[in-house]
Amino acid sequence: MKIFIALCLLATTLSLEHSLRGVLRSPQETLKLYGDYKAKEHLQYKDSEDRMRLMLFRSNAELVAQANEESDSAVFGLNFFSAMTEDEKRQYLGLNITGHLPNSAPLSADLMTDVPESKLWTDEEAVTAVKNQGSCGSCWTFGAVGGLETRYQQVSGKLRNFAEQEYLDCVYEGKRNGCNGGWPDDCYTYSAGKGGRLASTADYGYTPSDGKCKSSSKPDAMIAAKISGYQSVGRTETANIAALVAGSLSVAFEVTNYFQQYSGGIIKDTTCRGRPNHAVTAVGYTPEFVLVKNSWGTSWGDKGFVKFARNYHNCDLFEYSSYPKLTKTSETDSTPSDAATDYKAEDGDDKPDPEPVCEDKKQDCVFSKRKCKRNKYAAKCQKTCKKCEDSGECPSGTIKCEDGICRHEHMC
Ligand SMILES: *[C@@H]1O[C@H](CO)[C@@H](O)[C@H](O)[C@H]1NC(C)=O
């Protein structure tokens, strides 16, 4: 077992700096990596398509290798986007910005003076589990619903999964297909025009397609409060932070190919071109990052979340933010709360390790939460490879770095 762990450690430490680049230099190894990737992502292609996908995969893998070399705070990895065409990648977005300008500058009244240093709604059972829009450009419904859920929880004491599908089916009913994109504030305006209503996901489940509006046959889940419109947030980071103190926000920004391969840490994207194309939900902040909940499932990014660096342009993240205005009713919401996300934002001052190459096929080194709690590096490779269980000596040629991980001396 010791030998296994030692070899694994060695493979991991070597791979951190060299593996992906090295693999991509060899056509044979690239093919093997591509094969492993397809198996992991459950992808199957016919011969002619397979060659095209391999080329896409290669260029995305190059991007991942370069991103990892250049970023000192974020980590990138292969994921379900890594063999997609640009058109396919676009289908996971869906912000239609046509006709919309950035918000105005904040009013001084919007800038609270005593803003806490950190606020993470994920730590307060006030954020629902990460959802998945699938390949339908419906991000605008997820951004809007996410902006609502924490605020409804604050008013009612109940965390509720509200129905993106009602917005997807109904907001542009008879006008256009909601899977081709939309605008989050249109959701709040729609609800306000319908007596403040919105169904729950339990009653009106999500399918990644725009169907006939069924609002008249689905119960209104806005029991303790009604949506009476929306409030735009001033277009600065300070105003967004102040607004986050009271609850989650619907926010928009520009997704790039770089962003789509993100897998953890604090992102600073340098590749934006000033075209916001995606709506998401901001759910908190610390002095280091603004925490955003995405709608691409938990296998993407940091368990479905992403940390944007503070005091950075963040691809227009703070320019289109809003939240729903809620008016309390006299009723109590007595249905039990839906499950909150179990996501915990670790303090993000260290860059996590890229995905380790060794496989956790064996349970040899069982991850002990208590033992590893203080070790941020342990989180990514939980069963083997890391120092969760101290395997004693470091493999020859490596030393134990300050963080307890064995590496070549120059890599500490
Ligand atoms: C984007 O929004 C504009 C303005 O509301 C609308 O005219 C256009 O049809 C929308 N585009 C798509 C692809 O739905």
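This is a predicted model: local features need pLDDT of at least 70, side-chain atom pairs count only at pLDDT 80 or more; totals for chains, interfaces and linings use all residues.
Residues are numbered from 1 along each chain as its sequence is written, and side-chain values use heavy atoms, with hydrogens and water left out. Local features need pLDDT of at least 70 and side-chain atom pairs count only at pLDDT 80 or more, while totals for chains, interfaces and linings use all residues.

**Disulfides**

A disulfide is a covalent bond between the sulfur atoms of two cysteines. In this report the term is applied to a pair of cysteine sulfur atoms within 2.5 Å. The structure holds three disulfides, listed below.

| Cysteine | Partner | S to S distance |
|---|---|---|
| Cys-136 | Cys-179 | 2.0 Å |
| Cys-170 | Cys-213 | 2.0 Å |
| Cys-272 | Cys-315 | 1.6 Å |

Helices (H or I, at least four residues) and strands (E, at least two) are DSSP runs, numbered from the N terminus. The torsion about the S-S bond of Cys-136 and Cys-179 is about -90°, so this disulfide is left-handed. Cys-136 lies in the loop between strand 2 (119-120) and helix 5 (139-156), and Cys-179 in the loop between helix 6 (164-170) and helix 7 (184-193), so the pair ties together parts that are 43 residues apart in sequence. Both Cys-136 and Cys-179 are buried, a word that stands for under 20% relative accessible area, with exposed meaning over 50% and partly exposed in between (1.4 Å probe, protein chains only).

For the disulfide of Cys-170 and Cys-213, the torsion about the S-S bond is about 90°, so the handedness is right-handed. Cys-170 belongs to helix 6 and Cys-213 to the loop between helix 7 and strand 3 (225-232), so this pair ties together parts 43 residues apart in sequence. Cys-170 is buried, with a relative accessible area of 7%, and Cys-213 counts as buried at 17%.

The disulfide of Cys-272 and Cys-315 links distant parts of the chain: Cys-272 is in the loop between strand 5 (262-267) and strand 6 (278-285), and Cys-315 is in the loop between strand 8 (305-309) and strand 9 (322-328), 43 residues apart. Cys-315 counts as buried at 4% relative accessibility.

**Cysteines without a bond**

The sulfur of Cys-139 is 9.2 Å from the closest cysteine sulfur, that of Cys-136, which is too far for a bond. Cys-139 counts as buried, at 0% relative accessibility. Cys-187 is likewise in no disulfide; the nearest cysteine sulfur, in Cys-139, is 9.8 Å away. Cys-187 is buried, with a relative accessible area of 0%.

**Helix 7**

Cys-187 is one of the buried residues of helix 7, together with Pro-184, Asp-185, Tyr-188, Tyr-190 and Ser-191. These buried residues pack against helix 5, helix 6, strand 3, strand 4 (249-253), strand 6 and strand 9, where contact means heavy atoms within 4.5 Å. Just after helix 7, Gly-195 takes a positive phi of about 75°.

**Ligand site**

Asn-96, Thr-98, Arg-176 and Asn-180 surround the ligand; a residue is near a molecule or strand if one of its heavy atoms lies within 4 Å of it. A polar side-chain atom of Asn-96 lies 2.3 Å from an oxygen atom of the ligand, and a polar side-chain atom of Arg-176 lies 3.5 Å from an oxygen atom of the ligand. Taken alone the ligand exposes 370 Å², of which the protein buries 50%; accessible areas come from the Shrake-Rupley method with a 1.4 Å probe.

Note on methods: A polar contact is a pair of N or O atoms within 3.5 Å; within protein, one must be able to donate a hydrogen and the other to accept it, and residues adjacent in sequence count only if both atoms are side-chain atoms.
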